[in-house]
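Good morning. Please have a look at the screen, and then I will walk through a few features one at a time.

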Amino acid sequence: MIAFFRIFLILVIGIFVCFFGVVYCFCSKKKNYSHVRTFGRIFGKFSTLVGLSVEVKKTHFSFPKKCIYIANHQNNYDMFTVSNAIPKNTITVGKKSILFIPFFGILYWITGNLLIDRKNFFNSFNVIERIVEKVNKHICVLIFPEGTRSYSKKLLKFKKGAFYSAISAKVPIVPICSSSTYKQVDLNRFSNGKVIIEILNPIDTKNYKITQVNHLTKYCWNIMEKKIQSLNKEVKNK
């Protein structure tokens, strides 16, 4: 019964937010990439509807004006958790199939997020060019380098697109790590515990060459894997 009520609320409120968001963005005089963060934070509030308490740890550094954020991608609940940590002037990269999600797909597109066809290998260099172009215009880009949801506590192997883009644009990579929500959420339970998200220090890429992309990819994976395990232990002890 609790699950039915929650799903009903999420659908009703979600459709309203998407409809209002599309109208609001459409009526805006010019494209404003801050809409991504604004509506991301709104969807982040949905975490309370599924019984999750989200803590975003404060950073001890100033956010770079130009950078690429990378985050672990676990499941559909990331929309209600990681969304709380989207920094200002940041867009995300998603599959073109998102467009076909009723109501939400149009909002995702009209707020300025990048839609790509990940199945098209020959289009990959074009995607990197588009990301670099955005970053050069002082628009940060959030990418899920695993390329798909892990649906587990395990951090999947990273695709290299985010790291090619960072090296090409000569901008830092900023990891966003979220504690695991694997098998944590039961919609029939009032409380589903806590999720801790931490934004790590920027990783400088200026001295990296394109030929060193494998090293950078592995280096970032190791940092995130270690931090995620640490956050999981922190959540368990609370």
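Which residue is the bridge partner of Lys-95 in β4? Ile-116 is that partner. Before going further, note that this is a predicted model.

Let me put that bridge in its setting. Strand β3, residues 90-95, pairs with β4 in the parallel sense, and three bridges join them. As background, strands of a sheet pair through backbone hydrogen bonds, either parallel or antiparallel. Here the sheet is open and has seven strands, with mixed pairing. Reading across, the order is β1-β7-β6-β2-β5-β3-β4. The edge strands are β1, residues 53-57, and β4, residues 114-116, and each of them pairs on one side only. From one strand to the next, the twist averages 20°.

Next, a helix on the sheet.

Is Thr-205 buried or exposed? Thr-205 counts as buried because its relative accessible area is 0%, and the cut-off for buried is under 20%. Leaving aside residues up to four places away in sequence, Thr-205 touches Ala-166, Ile-167, Lys-170, Val-171, Pro-172, Ile-173 and Leu-216.

Now the empty space. Rolling a probe the size of a water molecule over the atoms shows where such space is left.

The largest pocket has a volume of about 1,200 Å³. It is lined by 44 residues, and the closest to its centre are Asn-76, Met-79, Ile-101, Phe-104 and Arg-149. Elements giving two or more residues to this lining are α1 (2-27), α2 (34-44), α3 (78-81), β3 and α4 (104-110). Which element gives the largest share? That is α1, with six residues. By class, the pocket lining has 26 nonpolar, 14 polar and four charged residues.

There is also one cavity of 30 Å³ or more. The largest cavity holds about 70 Å³ of space. Residues lining the largest cavity include Asn-72, Gln-74, Glu-146, Lys-153, Lys-154 and Leu-155. Ser-150, Ser-152, Ser-178, Ser-179 and Ser-180 are also among them. What is the make-up of this lining by class? The lining of the largest cavity has two nonpolar, seven polar and three charged residues.

That is my list for today.

Key. Residues numbered from 1 in each chain as written. Predicted model: local features only at pLDDT ≥ 70, side-chain atom pairs only at ≥ 80, totals over all residues. Heavy atoms only, no water. 1 Å grid on protein atoms, 1.4 Å probe; cavity = no way out; pocket = protein on both sides within 12 Å on 5 of 7 lines; lining within 4 Å. Points joined across faces, edges and corners; volume = space filled by probe spheres on them. Nonpolar A, V, L, I, M, F, W, Y, C, P; charged D, E, K, R; others polar. Pairing = 2+ DSSP bridges. Helix = DSSP H or I, 4+ residues; strand = E, 2+ residues; numbered from the N terminus. Axes fitted to C-alpha atoms, helices over the stretch in contact; angles between N-to-C directions. Buried < 20%, exposed > 50% of the residue type's maximum accessible area, 1.4 Å probe, protein only. Contact = heavy atoms within 4.5 Å.
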